Amino acid sequence: GDGKADIAVLYNNGQQSDGTNRTSLWTLASNGSGFNKPVKVWDNVDAGSGSWNWDRSKVTSGDFNGDGRTDVGVLYNNGQQSDGTNRTSLWTFTSTGSGFGNPAKKWDNVDAGSGSWNWDRSKVASGDFNGDGKADVAVLYDNGQQSDGNNRTTLWTFTSTGSGFNVPLRKWDNTESDVTSWNWDRSKLTVGDYTGDGKADIGIFYDNGQAADGTNRSALWTFVSTGAGFGNPLRKWDSGSDSWNADSAKPTSGDFDGDGKADAAVLYNYGQHTDGTNRTGLWKFTSTGPAFKAPLFTWDSDDSGSWNWYRSDLA
């Protein structure tokens, strides 16, 4: 809460001799010019929180209670019930400023009577979608295929109440919105206030496959927040005749130029050179408010040695 963003890492410590999964949470606090050494702020074994499986955790972060300090959220896979129902829960680690409280379960689809919720079909992100000063959680959900072969995808939000979250509400459904087929597997999720109106929007980097000539085609779409929901997705950029492989792209968002509007960035995999060195590049899509400028190539790993895209997780 000092006005400088810090880094959090959820770390897999493997299994104890008794079979208990051990996971820890570390933070690297910003000092303005760099970061202090990592500090372990939570460990499920030390905290007596039972077994915590890192492989079943999807991490997001935001100021969920509106106190000016960023908290950590985890969408957790609880597997299947005996009746075949998938069980998923949402946990938060609330920041105290100097550390974090023990994780608190804020939602569970079985406890909430929300039916089956498949963690494997969920892509999670956070942002203040209604502009009330508290971060909410969004999940892009894979509903599979319709009988006509069209893919069905839905967008859900868990709106923060400060002390917890309201039950998830479906804010968009491609079949009900006449957007025809929308393939969840081809969608990479990111969040930012692209319009600068104080409400976070949803960005999707989408894989449009290959053209007849073999050119890869990708597009950038945004769901602009209305406060109460989201407008239909709008295509803000299309790679067109330039080959752009979505499988080689990892998107993220942030206000990179400080103008109050979030921009999009893509870390792009250019593969290997003949000498075995890996090449990775960084592209920036600058927001104009209603749209994005054409992507600008802003960094090339060839200028600083080998960089393996597959070993890179983007924040």
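Is Arg279 buried, partly exposed or exposed? Arg279 is partly exposed, because its relative accessible area is 22% and the buried class ends at under 20%. The model discussed here is a predicted one.

Strand β17 covers residues 263–272 and strand β18 covers residues 278–285; they pair antiparallel through 7 bridges. Gln272 has Asn278 of β18 as its bridge partner. The hairpin has 5 residues between its strands, and Gly276 there takes a positive phi near 95 degrees. On the way to the next strand, β18 is joined by 4 bridges to β19 (residues 296–300), again in antiparallel fashion. Within that pairing, Lys284 stands opposite Leu296 in β19.

Strands β1 and β2 (residues 21–28) run antiparallel and are joined by 7 bridges. Ala8 faces Thr27 of β2 in this pairing, standing opposite to it.

Strand β1 spans residues 7–15 and includes Val9. Together with Ile7, Tyr11 and Phe35, Val9 makes a nonpolar surface patch of about 360 Å². What is the accessibility of Val9 itself? Val9 is partly exposed, with a relative accessible area of 33%, and it can therefore be part of a patch, for which over 30% is required.

Asp43 and Arg22 form a salt bridge in which the closest N and O atoms are 2.9 Å apart. Since Asp43 lies in strand β3 and Arg22 in strand β2, the pair ties together parts that are 21 residues apart in sequence. Both residues of this pair are buried. The structure holds 21 salt bridges. Another of them joins Asp132 and Lys134, with 3.3 Å between the closest N and O atoms. Lys134 counts as buried, at 19% relative accessibility, whereas Asp132 is partly exposed at 36%.

A second open sheet has 4 strands in the order β4-β5-β6-β7, paired antiparallel. Its edges are β4 (57–62) and β7 (104–108); as each has a single partner strand, one side of each is left without a neighbour in the sheet. Neighbouring strands here are turned by 25 degrees against each other on average, direction ignored. Strand β5 (residues 71–80) runs antiparallel to β6 and is joined to it by 7 bridges.

Ser89 lies in β6, which covers residues 86–93, and Tyr76 stands opposite it. The side chain of Ser89 makes a polar contact of 2.7 Å with that of Asn78. Is Ser89 buried or exposed? Ser89 counts as buried, because its relative accessibility is 0%.

The last stop is the loop between β11 (169–173) and β12 (187–192), where Asp178 is found. Most residues other than glycine have a negative phi. Asp178 has a positive phi near 55 degrees and is not a glycine. Thr180, found in the loop between β11 and β12, likewise has a positive phi, of about 50 degrees, without being a glycine. Which accessibility class does Asp178 fall into? Asp178 counts as exposed, at 70% relative accessibility. Thr180 is exposed as well, with a relative accessible area of 55%.

Key: Residues are numbered from 1 along each chain as its sequence is written. This is a predicted model: local features need pLDDT of at least 70, side-chain atom pairs count only at pLDDT 80 or more; totals for chains, interfaces and linings use all residues. Side-chain values use heavy atoms; hydrogens and water are left out. Patches are made of residues with over 30% relative accessible area and no salt bridge: like charges are joined within 9 Å, nonpolar side chains (Val, Leu, Ile, Met, Phe, Trp, Tyr) within 5 Å. Accessible areas come from the Shrake-Rupley method with a 1.4 Å probe; for residues, only the protein chains shown count as cover. A salt bridge is a side-chain nitrogen of Lys or Arg within 4 Å of a carboxyl oxygen of Asp or Glu. Helices (H or I, at least four residues) and strands (E, at least two) are DSSP runs, numbered from the N terminus. Buried means under 20% relative accessible area, exposed over 50%, partly exposed in between (1.4 Å probe, protein chains only). Two strands pair if DSSP finds at least two bridges between them. A polar contact is a pair of N or O atoms within 3.5 Å; within protein, one must be able to donate a hydrogen and the other to accept it, and residues adjacent in sequence count only if both atoms are side-chain atoms. Axes are lines fitted to C-alpha atoms, for helices over the stretch in contact, and angles run from 0 to 180 degrees between N-to-C directions.
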